[in-house]
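Biologist: I've got a model open and I'd like to learn how to read it. Can you walk me through it?

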Amino acid sequence: MIGPIMVEPSQTEVEATVGRYLKFNVGGDPGAWEIATDNEAVVTVEQGGERDGATFNPGGQAVGVGEATVTLTDTAGGDALVVKVTVTE
């Protein structure tokens with residue numbers, strides 16, 4: 001199994017193939033970040049936070065060929081990260 005693509009806060013673009021997972025390294029409290037995509041046909045997203053006793057960064061999955069813009073917003077501090085995701089077969 002191939003691990004997820006780790007996206008760092010300094011990245012503004014990332015490439016993935018259909019089926020790959022993305023994890024956004026937001027640091028601090030991952031549950032304080034809201035994640036959204038402008039194209040769910042290309043990238044689906046999942047909120048970060050605590051589940052089953054573990055802490056998860058916000059993430060997503062490349063589900064279709066194309067481009068999507070993923071926006072992460074820090075609800076505590078107002079910071080925002082915007083990442084253009086290009087998905088190929």
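Predicted model: local features only at pLDDT ≥ 70, side-chain atom pairs only at ≥ 80, totals over all residues.

Biologist: Okay, which backbone nitrogen lies 3.2 Å from a polar atom of the side chain of Thr 37?

Modeller: That's the backbone nitrogen of Asn 39. The Thr 37 side chain also has a polar atom 3.3 Å from the backbone oxygen of Val 43.

Biologist: And where does Thr 37 sit, and is it buried or exposed?

Modeller: Thr 37 belongs to strand β4, which covers residues 33–37. Buried means under 20% relative accessible area. Thr 37 has 18%, so it counts as buried.

Biologist: What is Thr 37 in contact with, leaving aside its neighbours within four places in sequence?

Modeller: Val 43, Val 45, Ala 68, Thr 69 and Val 70. Not counting residues up to four places away in sequence, Val 43 touches Leu 22, Thr 37, Gln 61, Val 63, Ala 68, Val 70, Val 85 and Val 87.

Biologist: Which residues of the largest nonpolar core touch the most other members?

Modeller: Val 43 again, along with Leu 22, Phe 24 and Val 85, in a core of 18 residues. At least two residues of this core come from each of β1 (5–7), β2 (13–17), β3 (21–24), β4, β9 (66–74) and β10 (80–88).

Biologist: How about a loop residue, say Val 18: where is its place?

Modeller: Val 18 is in the loop between β2 and β3. With a relative accessible area of 40%, Val 18 is partly exposed, because that label covers values between 20% and 50%. Beyond four places in sequence, Val 18 touches Ala 62, Val 63, Gly 64, Val 65, Val 87, Thr 88 and Glu 89. As for Asn 39, its C-alpha atom is 14 Å from that of Val 18, and the two residues are 21 apart along the chain.

Biologist: Last one: how many cavities of 30 Å³ or more does a search of the whole structure find?

Modeller: The general idea is that rolling a probe the size of a water molecule over the atoms shows where empty space is left. Here the search finds one such cavity, and about 30 Å³ of space lies in the largest cavity.

Biologist: Which residues line the largest cavity?

Modeller: Val 7, Glu 8, Pro 9, Phe 24, Asn 25, Val 26, Leu 72, Leu 81 and Val 83. By class, that lining has seven nonpolar residues, one polar and one charged. Phe 24 is also one of the core residues that touch the most other members.

Note on methods:
Residues numbered from 1 in each chain as written. Heavy atoms only, no water. 1 Å grid on protein atoms, 1.4 Å probe; cavity = no way out; pocket = protein on both sides within 12 Å on 5 of 7 lines; lining within 4 Å. Points joined across faces, edges and corners; volume = space filled by probe spheres on them. Nonpolar A, V, L, I, M, F, W, Y, C, P; charged D, E, K, R; others polar. Helix = DSSP H or I, 4+ residues; strand = E, 2+ residues; numbered from the N terminus. Buried < 20%, exposed > 50% of the residue type's maximum accessible area, 1.4 Å probe, protein only. Polar contact = N/O pair within 3.5 Å; in protein donor to acceptor, adjacent residues only side chain to side chain. Contact = heavy atoms within 4.5 Å. Core = buried A, V, L, I, M, F, W, Y, C linked by side-chain atoms within 4.5 Å.
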